[in-house]
Every structure is written in structure tokens, then in C-alpha cells.
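Hi everyone, thanks for coming. I'd like to walk you through one structure today, so let's get it up on the screen.

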Amino acid sequence: MIDYYFNRSYYAYMSETTFKTPKELQITLGERVRRLRLARNADQRAAASKAGISERALRNLEAGRGSTVETLLRTLKALDALQGIEMLAPEVTVDPLALLHTSKPPQRVRRPRKPREGAE
């Protein structure tokens with residue numbers, strides 16, 4: 001039953017963000033950072049100071065007006081919210097059974113070859 005609700009909320013989340021443009025995603029991320037800062041009861045000046053960034057950089061991040069990954073990470077660290085990074089870029093794990101079927105993991109992805117003319 002828990003899996004049902006988890007999957008249902010996961011797919012609702014996916015449909016909410018999947019079709020957004022990168023600009024819309026920046027705005028959504030900025031709004032979430034702002035709500036997180038407010039939930040931590042920190043004003044922009046205090047949060048920016050603790051993160052080691054300018055208030056302007058924090059305002060730009062919260063407004064979705066382009067920001068650096070470093071600014072985002074510093075802000076999340078200052079707000080004690082780095083646990084979300086694991087979900088953003090999860091560590092790739094290896095399936096032990098898959099190791100039995102391959103000798104070594106692939107080093108790069110190659111494009112499929114075009115079929116030769118005349119060959120079927």
C-alpha cells in the first residue's frame with residue numbers, strides 16, 4: 001500500500017516537472033529555496049552571509065534569474081539542506097547479477113552504426 005502512494009506521488013511529481021522549460025525549472029527551484037530559507041526563519045542578509053555569497057546572488061537564485069551551481073550549493077549548505085543532492089544526482093550502483101554477464105563496465109556510449117547500403 002505504501003508503494004502505491006509513493007509511486008502515485010512520484011508520478012504526480014514527474015508530470016509536474018517533466019514538461020517545464022529550464023527557465024521554469026529555475027523559477028521553481030528558486031521558489032523552493034526561498035520557502036526553505038523562510039522555514040528556517042532566516043532573512044536574505046543572514047542566509048547570504050552564512051553561505052558566503054552576496055545578497056544579490058541569493059536574490060537572483062530565489063527569483064530564478066540564473067545562478068551558479070556553487071551559489072545553490074552554498075545556500076543549501078547554509079540552510080542545512082544538502083540531503084536533497086542525493087536525489088538530484090543519485091550514485092550509480094552496479095547490479096551484481098549484471099556483472100556475471102559483462103566482463104567490464106562500458107567506458108563510453110557509442111552511436112549505433114548506420115546500415116550499409118545494399119546490405120540487409
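Let's start on the outside: Val69 and Lys77 are exposed residues on the face of α5 turned away from its buried side. By exposed I mean over 50% relative accessible area, with buried being under 20% and partly exposed in between, using a 1.4 Å probe and protein chains only. Helices here are DSSP runs of H or I with at least four residues, strands are E runs of at least two, and both are numbered from the N terminus.

A quick word on where this comes from. It's a predicted model, where local features need pLDDT of at least 70, side-chain atom pairs count only at pLDDT 80 or more, and totals for chains, interfaces and linings use all residues. Residues are numbered from 1 along each chain as its sequence is written, and side-chain values use heavy atoms, leaving out hydrogens and water.

Okay, the overall picture. The chain has seven helices and zero strands. Of its 120 residues, 19% are buried.

Back to α5. Which of its residues are buried? Thr71, Leu72, Thr75, Leu76 and Ala78. Looking down the axis of α5, these buried residues fall within an arc of 160 degrees, so they line one face of the helix. That arc is taken from the directions between the helix axis and the C-beta atoms.

Take α4 as a partner. Its axis and that of α5 come within 10 Å and cross at roughly 95 degrees. So α4 and α5 are roughly perpendicular to each other, a label for angles of 65 to 115 degrees; under 35 is roughly parallel, over 145 roughly antiparallel, and the rest oblique. The axes are lines fitted to C-alpha atoms, for helices over the stretch in contact, with angles from 0 to 180 degrees between N-to-C directions. On the α4 side, Ala57, Leu58 and Leu61 make the contact, and on the α5 side Thr71, Leu72 and Thr75.

Leu58 is worth a click. Beyond its neighbours within four places in sequence, Leu58 is in contact with Arg37, Gln44, Ala47, Ala48, Ile53 and Thr75.

How values were computed:
Contact means heavy atoms within 4.5 Å.
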